[in-house]
There are 2 protein chains.
Amino acid sequence: MQDYIKPDNWSIIEEGFDAERVKSSESLFSIGNGAMGQRANFEERYTGETFQGSYIGGVYYPDKTRVGWWKNGYPEYFAKVLNAPNWIGIEVLINGEQLDLNTCKKVKDFRRELNMKEGWYQRSFQALTSNGVTVKVRITRFLSLAIDEVGAIKYEITPVDSDAEIVFRPYLDSGITNEDSNWDDKFWNTTGISSENSQAFIEAHTMKTNFATCTFMQSQLYHQNELLDTALEEQLGDTSVAFSFKQKLSKGETLALHKFGGYTVSTNHDRSDLVAAAKKVLKKATELGFEHLLDGQMKAWADIWKMSDITIEGDVKAQQGIRFNIFQLNQTYLGKDSRLNIGPKGFTGEKYGGSTYWDTEAYCIPFYMATKDQKVARNLLKYRYNHLKKAIENAEKLGFSNGAALYPMVTMNGEECHNEWEITFEEIHRNGAIAFAIFNYYRFTGDYTYIPEMGLEVLIGIARFWQQRATFSEQKQQYVILGVTGPNEYENNVNNNWYTNYLAKWCIDYTIVQLGKVKDGYQEDYKRVMGKTKLTDGELSKWKEVADQMYFPRSEELDIFLQQDGFLDKELITVDDLDKKQRPINQKWSWDRILRSPYIKQADVLQGFYLFEDHFSTEQLEKHFDFYEPFTVHESSLSPCVHSIQAAKLNRMQQAYTFYLRTSRLDLDDYNKEVEEGLHITSMAGTWMSIVEGFGGMRVIDDKLSFTPRIPEEWTSYSFKVNFRNRILRVTISHDGSSFALEGDQEMSIRVNGKRIALSPKSEISV
Amino acid sequence: MQDYIKPDNWSIIEEGFDAERVKSSESLFSIGNGAMGQRANFEERYTGETFQGSYIGGVYYPDKTRVGWWKNGYPEYFAKVLNAPNWIGIEVLINGEQLDLNTCKKVKDFRRELNMKEGWYQRSFQALTSNGVTVKVRITRFLSLAIDEVGAIKYEITPVDSDAEIVFRPYLDSGITNEDSNWDDKFWNTTGISSENSQAFIEAHTMKTNFATCTFMQSQLYHQNELLDTALEEQLGDTSVAFSFKQKLSKGETLALHKFGGYTVSTNHDRSDLVAAAKKVLKKATELGFEHLLDGQMKAWADIWKMSDITIEGDVKAQQGIRFNIFQLNQTYLGKDSRLNIGPKGFTGEKYGGSTYWDTEAYCIPFYMATKDQKVARNLLKYRYNHLKKAIENAEKLGFSNGAALYPMVTMNGEECHNEWEITFEEIHRNGAIAFAIFNYYRFTGDYTYIPEMGLEVLIGIARFWQQRATFSEQKQQYVILGVTGPNEYENNVNNNWYTNYLAKWCIDYTIVQLGKVKDGYQEDYKRVMGKTKLTDGELSKWKEVADQMYFPRSEELDIFLQQDGFLDKELITVDDLDKKQRPINQKWSWDRILRSPYIKQADVLQGFYLFEDHFSTEQLEKHFDFYEPFTVHESSLSPCVHSIQAAKLNRMQQAYTFYLRTSRLDLDDYNKEVEEGLHITSMAGTWMSIVEGFGGMRVIDDKLSFTPRIPEEWTSYSFKVNFRNRILRVTISHDGSSFALEGDQEMSIRVNGKRIALSPKSEISV
């Protein structure tokens with residue numbers, strides 16, 4: 001666990017320069033605006049270790065698959081998150097010498113701040129250059145929420161002890177590479193470089209996918225806050241363009257470069273229009289100027305926080321943790337564009353490739369449903385509908401037929417992006433999470449329209465898959481599901497993973513109910529969908545047979561469901577009894593040893609109990625929690641939040657709090673020693689769940705919000721807001737009780753600890 | 001199935017030139033002499049598709065591992081079979097134009113012959129060059145058995161219709177690449193190129209492993225069979241050296257180049273001596289001359305055939321098949337050098353990397369024991385003893401301790417060369433095959449000395465591994481072995497693979513018995529081994545506990561052992577009922593579908609019944625054969641031979657014969673459409689077994705050879721020879737009976753169909 005981020009309610013702050021931490025901080029201080037994002041790379045030259053990354057939502061590259069040993073069925077190509085041309089670069093020369101924190105004589109007062117409240121990132125330091133000049137530097141940067149194609153940088157420099165000649169050389173560069181490239185392919189082809197006055201443009205398109213982009217910049221120079229009309233010198237390279245501004249400064253004077261830059265992309269503009277579109281964006285941004293644009297940024301973030309903030313009193317680290325999580329989720333995805341989704345690393349790194357995992361449905365949708373307009377969650381569901389055809393093709397590649405759909409484990413464009421057979425082919429429970437999200441969306445928003453319009457087709461594809469994927473065991477006289485990997489990826493190719501079997505049965509049952517509802521209430525849609533899917537009664541009765549006769553592994557003796565066949569043959573040594581030196585087992589043990597151990601990477605049976613909480617009694621939950629929790633190593637970022645919610649439900653608040661801390665500060669404290677690769681964006685939504693659903697005990701029961709408020713001892717109070725069916729409810733919970741404040745002008749009825757409470761508009765009730 | 005090889009008792013013959021077949025024929029016509037080998041690449045320039053390969057026994061390169069997703073425990077590097085510098089090259093210019101079968105106007109009378117009886121390879125053709133000259137060409141090539149560092153080529157050319165100026169440009173080239181390289185590393189570093197008179201030398205060493213080699217050549221030119229003293233012109237490149245000889249030929253005259261070449265290697269000579277050693281070899285070879293060297297070759301092969309030939313009367317294709325198998329095994333490994341082993345592709349390709357699989361112990365040792373001096377098999381066992389330390393290190397990497405040994409799945413130098421977790425980490429039955437080979441060697445040769453000297457230590461390491469690898473199941477109150485892959489690689493990560501569990505128990509039991517025998521009969525060795533291994537009584541009783549309480553999956557209802565836990569949950573559709581279009585499933589189905597199917601890649605339970613035949617009754621064998629055979633797809637080259645032997649034992653001769661054909665002509669008829677990658681060398685020993693052990697019914701029972709002779713209907717008779725404890729027995733079997741002829745001057749007692757027969761020296765008895 002690293003621990004260099006200062007506790008602060010609203011900001012992420014690092015003090016002191018440590019070259020070893022540069023890559024980690026580049027991740028932690030990442031900025032994004034839903035449409036694009038970038039790691040906190042230095043603007044000026046830096047020759048130390050760095051991981052350069054600037055990403056455009058939806059722009060990817062189909063990299064040729066690399067494996068040790070090819071298995072039939074692997075995708076030939078898959079979508080990689082793509083490092084885009086650099087527009088932030090500003091070379092700084094001081095009396096002719098490059099400013100470079102890696103080579104200068106001394107760096108002091110180094111400080112980074114990511115101001116989450118206002119949505120900007122600032123870095124400041126004093127540097128003593130090799131040629132003996134001390135300069136004070138401060139850089140402020142943000143990606144505009146208001147004009148989401150543009151970002152702005154203010155680079156201020158002040159010689160401290162002597163006069164100095166400063167050269168600023170802002171540049172664009174499309175000669176960039178990806179860290180995570182399989183075959184050292186060239187990803188970008190530069191087709192045009194142009195400049196006009198203080199503006200420059202690089203046109204480049206991605207190879208193969210042919211996304212066209214224009215990377216642009218415009219710079220303004222201020223001396224002592226006065227705009228200069230300095231002569232600039234243009235430098236053109238094969239894949240770069242730079243301007244040089246030169247200015248002599250007297251000791252104590254400040255020179256500031258305001259740089260505006262960003263991308264226009266063919267996904268949003270005509271290919272031939274990209275430069276023109278860039279000029280428009282630059283015009284808007286420069287007319288506003290850096291400070292006004294920043295004002296707008298602060299207001300836009302204030303709006304986001306107004307709805308999505310969670311306050312925690314009495315525990316700065318917990319407060320900082322949850323705000324960091326909420327901030328990053330909003331930097332990654334704002335729900336404006338149904339072509340985008342929530343990448344596991346967001347815009348903070350390349351690892352994993354693809355942008356969409358089952359994380360979206362299982363973890364992210366609840367957050368977006370409760371803190372945004374319900375259209376945002378609907379867009380996420382629509383994304384999967386748009387990929388249905390590819391999911392059917394994907395299933396066909398694996399031998400399924402007749403419209404059975406298997407959604408990919410990882411995807412960018414609907415095609416599979418992963419190539420470990422035990423995951424790609426076997427971690428099929430993802431299909432269930434997508435069906436569950438449809439159910440969950442309706443349960444929470446009350447908006448049924450998605451199902452007749454789109455969801456029913458998705459459900460039919462998924463139900464068909466489950467029916468075909470199950471095997472009738474003559475021996476058991478029941479349907480079994482062989483050769484799967486459950487959510488617990490520390491088991492591969494197991495038979496009858498309880499979670500998967502349970503989800504499969506539920507998907508079929510749920511689809512059959514929806515077929516009836518759509519048939520009754522949406523005849524036109526029903527006819528359309530039946531015509532398209534050619535679903536027959538014979539098929540339906542096969543579905544029913546599989547669902548009704550599904551086998552569930554179970555121990556009569558222990559009275560628990562078994563994670564999979566044979567689980568009890570393992571040597572059942574609990575995590576507590578495992579030598580700490582052996583942890584994390586995924587770094588210390590060979591894969592076979594992990595597989596035959598009883599250790600669970602993330603909630604599996606308990607994930608099922610989480611999704612289908614109302615199917616089981618609290619006693620059953622307790623029994624299963626007591627059995628599985630001791631074997632769970634939580635080496636997935638998606639695990640502690642579910643356990644936290646369940647521990648809270650079981651009134652084990654200390655345990656719930658421990659899990660909460662682990663999930664909320666996973667990246668800030670770098671629990672897994674990998675933050676330099678990027679942040680764990682999707683699990684951040686789990687942190688939100690562990691407060692709202694865990695401590696707050698929020699559920700939707702019979703179309704109403706219900707709460708069972710609890711609070712960790714360490715906290716004085718906490719509060720969160722929920723948008724439930726267009727009613728905004730603020731919930732505040734302290735040790736003395738809870739209060740519920742309703743905004744707007746519609747009344748609302750909720751349940752608190754099982755008791756019904758009627759809330760009037762603009763009123764607050766304490767319980 | 002391809003079918004372009006002409007049936008012939010002693011030769012492999014191809015007629016007609018087909019560019020599509022070049023790579024396949026390069027494999028089929030490969031030559032080797034145990035110390036080195038090469039694919040049948042053309043000597044002259046060829047611009048068509050080709051797969052260049054010349055290999056030196058024991059010279060490998062540790063290529064950095066490439067995987068899609070890294071699993072903890074994978075080897076960082078592993079040994080690749082290495083394409084060595086080219087010494088066969090001879091450019092041929094006809095009136096200034098390169099002879100190139102890919103670009104010349106016409107090729108006719110193209111013929112290849114691999115003469116297995118005499119050990120040479122010949123290629124002949126007529127070509128019409130673009131500049132209008134027709135030449136007749138014949139090339140004869142062999143790798144000398146007598147002087148195993150040298151090979152010889154006779155390249156004869158005759159202009160047919162006109163005079164012509166011929167240039168021969170024999171060359172050496174170390175600027176070669178490997179087909180199967182992970183990272184396009186440079187594998188060879190050339191350090192010296194020199195020439196002297198008509199001799200040339202390239203000194204080059206492999207990167208990382210630093211094997212030093214001298215590749216050498218010397219050429220002689222004959223005009224109408226008369227040695228010419230032509231002036232030669234030397235051409236030096238960065239990694240090559242060539243000589244040019246120019247000669248005008250009148251129509252009908254023949255010019256012949258005799259080229260001698262090969263390698264001297266630092267594994268056999270002082271590094272500084274390689275050129276001197278090469279000169280010595282060249283002196284020997286050229287003094288003999290091509291024809292005498294070839295005479296010696298024929299004699300050496302006659303000696304090999306004298307002992308190892310199997311004759312089949314009445315079935316040319318079967319005859320050709322078995323001879324091809326025996327020939328290739330002898331080309332690959334002659335048992336002279338205990339540092340070498342039998343690579344799955346021999347010297348015919350690069351695929352798979354490494355040189356040693358469990359194939360050696362399970363399939364090859366019986367062939368070498370029966371057809372060579374017993375030292376050869378002992379050398380193969382010694383090879384594993386020499387790798388014991390590395391096997392212990394390998395087990396340590398996977399979390400085992402206290403001297404437990406896990407031999408690698410694939411190796412060159414004792415280190416693991418494979419990186420699929422389901423095989424590398426889980427196909428642990430290989431350890432059992434190594435123990436079984438020790439048992440088998442003693443059973444066949446009666447030479448117990450290997451065990452006290454070396455084998456006991458190997459057995460202790462293996463027994464320790466099994467004891468540690470087993471898990472006590474509280475539920476079953478027995479020991480289980482979780483997470484393995486059996487010989488049937490179409491199942492991964494299964495629990496309680498019967499074959500593995502059975503072998504594990506047997507290994508422990510056998511080791512305990514050997515401990516007693518060595519303690520009683522070889523006190524010195526016993527003391528040494530105990531001192532070294534620090535084996536305690538406590539450990540022994542743990543071993544016994546595991547062996548005595550091992551769990552074996554079984555169906556009471558069907559009265560059979562189950563391949564693994566849960567096998568009966570599968571949808572048990574037999575191969576016959578599977579659509580033929582779905583075959584081979586490893587090309588048609590995705591991996592998950594294969595895994596959950598009931599289809600068996602190669603004998604698994606039946607492999608156990610093969611190894612431990614005397615532990616089970618014939619009725620049991622029949623029951624298991626009838627259950628498992630219908631699900632076996634034989635998509636491993638190692639499978640049909642075992643089924644052939646068992647079908648013969650069950651007197652199902654038609655089935656046994658079908659399996660025999662499939663194993664014996666696997667490569668000749670290219671059943672698996674992959675012969676261009678190289679030959680399946682190790683499975684060739686299985687073909688030998690299917691005749692000797694299958695049809696001949698040969699077993700060792702109570703220190704005596706025993707036979708149950710059978711013969712396929714298609715054959716008139718067949719015969720084979722066996723060296724049993726230094727007695728040479730020739731067995732001839734026809735439909736009328738069998739005869740047994742004993743060579744040498746010691747008597748021998750055998751059993752035929754259970755009846756004891758005493759054989760006098762130099763006598764023959766018919767039954």
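Start with the surface where chain A and chain B meet. In this predicted model, 100% of the interface residues of chain A are also interface residues in chain B, so the copies meet through the same surface.

Keep both chains on screen. Two copies of a chain are related by a rotation about an axis and a shift along it. Here a rotation of 180° with a shift of 0.0 Å along its axis places chain A on chain B, with an RMSD of 0.0 Å. The two copies are thus related as by a two-fold rotation axis. To find that axis in chain A, select A:Val67: its C-alpha is the nearest to the axis in that chain, at 2.3 Å.

Strands of a sheet pair through backbone hydrogen bonds, either parallel or antiparallel. These three strands make an open sheet in the order 3-4-5, and the pairing is antiparallel. Strand 3 (31–32) and strand 5 (54–56) of chain A are at the edges with a single partner strand each, so one side of each has no neighbour in the sheet. Zoom in on strand 3 and strand 4 (residues 36–38) of chain A, which are joined by two bridges. Which residue of strand 4 is the bridge partner of A:Ile31? Select A:Gln38 to see that partner.

Strand 3 of chain B pairs with strand 4 (residues 36–38) of chain B over two bridges, and B:Ile31 has B:Gln38 as its bridge partner.

**Two helix pairs**

Two packed helices are described by the angle between their axes and the distance between the axes.

Go back to chain A and select helix 4 (residues 359–371) and helix 5 (residues 374–386). They pack at an angle of about 155°, with axes 8 Å apart. Angles over 145 degrees count as roughly antiparallel, and helix 4 and helix 5 of chain A are therefore roughly antiparallel to each other. Show side chains for the contact: A:Thr360, A:Glu361, A:Ile365, A:Tyr368 and A:Met369 belong to helix 4, while A:Val376, A:Ala377, A:Leu380, A:Leu381 and A:Arg384 belong to helix 5. The residues of this contact comprise seven nonpolar, one polar and two charged.

In chain B, select helix 3 (residues 316–332) and helix 19 (residues 681–695). Their packing angle is about 130° and their axes are 9 Å apart. Helix 3 and helix 19 of chain B are therefore oblique to each other, and their crossing is left-handed. Among the contact residues are B:Phe324 and B:Leu329 in helix 3 of chain B, and B:Met684 and B:Trp688 in helix 19 of chain B. This contact has nine nonpolar residues, four polar and no charged.

**Backbone details in loops**

Select A:Arg583 and A:Pro584. The peptide bond from A:Arg583 to A:Pro584 is cis, with omega near -15°. A:Pro584 sits in the loop between strand 26 (560–561) and helix 13 (585–588) of chain A. In chain B, a cis peptide bond joins B:Arg583 and B:Pro584, with omega about -15°.

A:Asn726 is not a glycine, yet its phi is positive, about 70°. Look for A:Asn726 in the loop between strand 29 (717–724) and strand 30 (727–734) of chain A. B:Asn493, also not a glycine, has a positive phi of about 55°. B:Asn493 lies in the loop between strand 24 (478–480) and helix 10 (498–521) of chain B.

Note on methods
Residues numbered from 1 in each chain as written. Chains lettered and ligands numbered in written order. Predicted model: local features only at pLDDT ≥ 70, side-chain atom pairs only at ≥ 80, totals over all residues. Heavy atoms only, no water. Axes fitted to C-alpha atoms, helices over the stretch in contact; angles between N-to-C directions. Helix = DSSP H or I, 4+ residues; strand = E, 2+ residues; numbered from the N terminus. Parallel < 35°, antiparallel > 145°, perpendicular 65-115°, else oblique. Left-handed = near helix turned anticlockwise from the far one by under 90°. Contact = heavy atoms within 4.5 Å. Nonpolar A, V, L, I, M, F, W, Y, C, P; charged D, E, K, R; others polar. Least-squares fit on C-alpha atoms with pLDDT ≥ 70 in both. Pairing = 2+ DSSP bridges.
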